[in-house]
Amino acid sequence: MDAAAFATKIRAAFGPCSLGAWPTPLEAAPALARALGMNALWLKREDKAGGNKIRGLEFLLAGAPPRSVFVTIGGAGSTHCLATAVHARALGHRTALAQFPQPDTDASRAVAAATAAAANLVVRASSQITLPWAVLLAWRAAHHMGRRTPHWVPGGGADPRAVVGHLLAALELSTQLDAPPDAIVVPLGTGGTAAGIALGVAWLGWSTRVVAVRVAPRVVANRWRTLRLARKAGAVLRSANIEFRVPGSAIRVEVVEGLGQGYGYPTPEGERARLLAAEHGLRLDPTYGAKAFSCFLQRAAGNVQRAVFWHTFSWP
């Protein structure tokens, strides 16, 4: 079965919402590739569909009764929280968010403002230590916002069903390239996007390296958790009677460090990457995109000559 037919079969089995415009563009960036000393670089423009989180939300929001309430967590500038609030509202649902502080940047301020405008409730913790209390308050409030039990969405949308959405993105990529790239570079936060890409690469039989650049604390952004999400997504596919025979050993992710001082804090390497990308018309946020792109400058991805950069988000 080819990738397009397999993707069609997955969508038919799960019936996801239609939230994004697919396929997202794959843009060649020859000048940027030369600046990096590479033969070829492509940009997978998930940002042009509203961000990578929409892939997973198509599955997580699907089938919810009218006027459902969704509860989730993230930083003050969380693109996941923003996407959940915007798209739940568009579908007639409501959201209650619990958020922890993160460093103040142009991107985080813009995302926080847009989130506040789209969400029905935002409970802000004073620190990550008090986040559990904020989650409890948001969950209790959500019970009063609807007639049914609220729906819980894991932080970052890191749910096996959401990983299936990112698997579809990898299948989509295979129809846009003539040959597999040496590497796909993606930010590693809660792991769902990297897990889906790794699952897709394994199903396609590519030797492509999935290089996940850690941008969140190790407790959530790690190889073990990412691979576990990928394996669970494979089980979800099989439970939907979709044949998915990929050995666990074929699912591979290489994690490289990019966090710096902490989540949301710009790094010197990320800022150099952001400025270089800007010279070539590519806008990167300091929390995810710039840190992930910096691995090309540091050669953390190894001797890569043909790569795809997963551009996950561009702020409002």
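Reply: Happy to! This is a predicted model, in which local features need pLDDT of at least 70 and side-chain atom pairs pLDDT 80 or more, while totals for chains, interfaces and linings use all residues. Residues are numbered from 1 along each chain as its sequence is written, and side-chain values use heavy atoms, without hydrogens and water.

Me: Is Leu-137 buried, partly exposed or exposed?

Reply: Leu-137 sits in helix α6, residues 131–145 (a helix is a DSSP run of H or I with at least four residues, numbered from the N terminus). Buried means under 20% relative accessible area and exposed over 50%, with partly exposed in between, using a 1.4 Å probe and protein chains only. Because its relative accessibility is 32%, Leu-137 is partly exposed.

Me: How many cavities of 30 Å³ or more are there?

Reply: A cavity is a set of points on a 1 Å grid over the protein atoms alone where a 1.4 Å probe fits but cannot get out; its lining residues have an atom within 4 Å of a point. Points are joined across faces, edges and corners, and the volume is the space filled by probe spheres set on them. By this rule, the count is four.

Me: Which helix gives the most to the lining of the largest cavity?

Reply: The largest cavity holds about 70 Å³ of space. Its lining includes Ala-107, Ser-108 and Val-111. With three residues, the top contributor is helix α5 (residues 106–118).

Conventions:
Helices (H or I, at least four residues) and strands (E, at least two) are DSSP runs, numbered from the N terminus. On a 1 Å grid over the protein atoms alone, a cavity is a set of points where a 1.4 Å probe fits but cannot get out, and a pocket is an open set with protein on both sides within 12 Å along at least five of seven lines; lining residues have an atom within 4 Å of a point.
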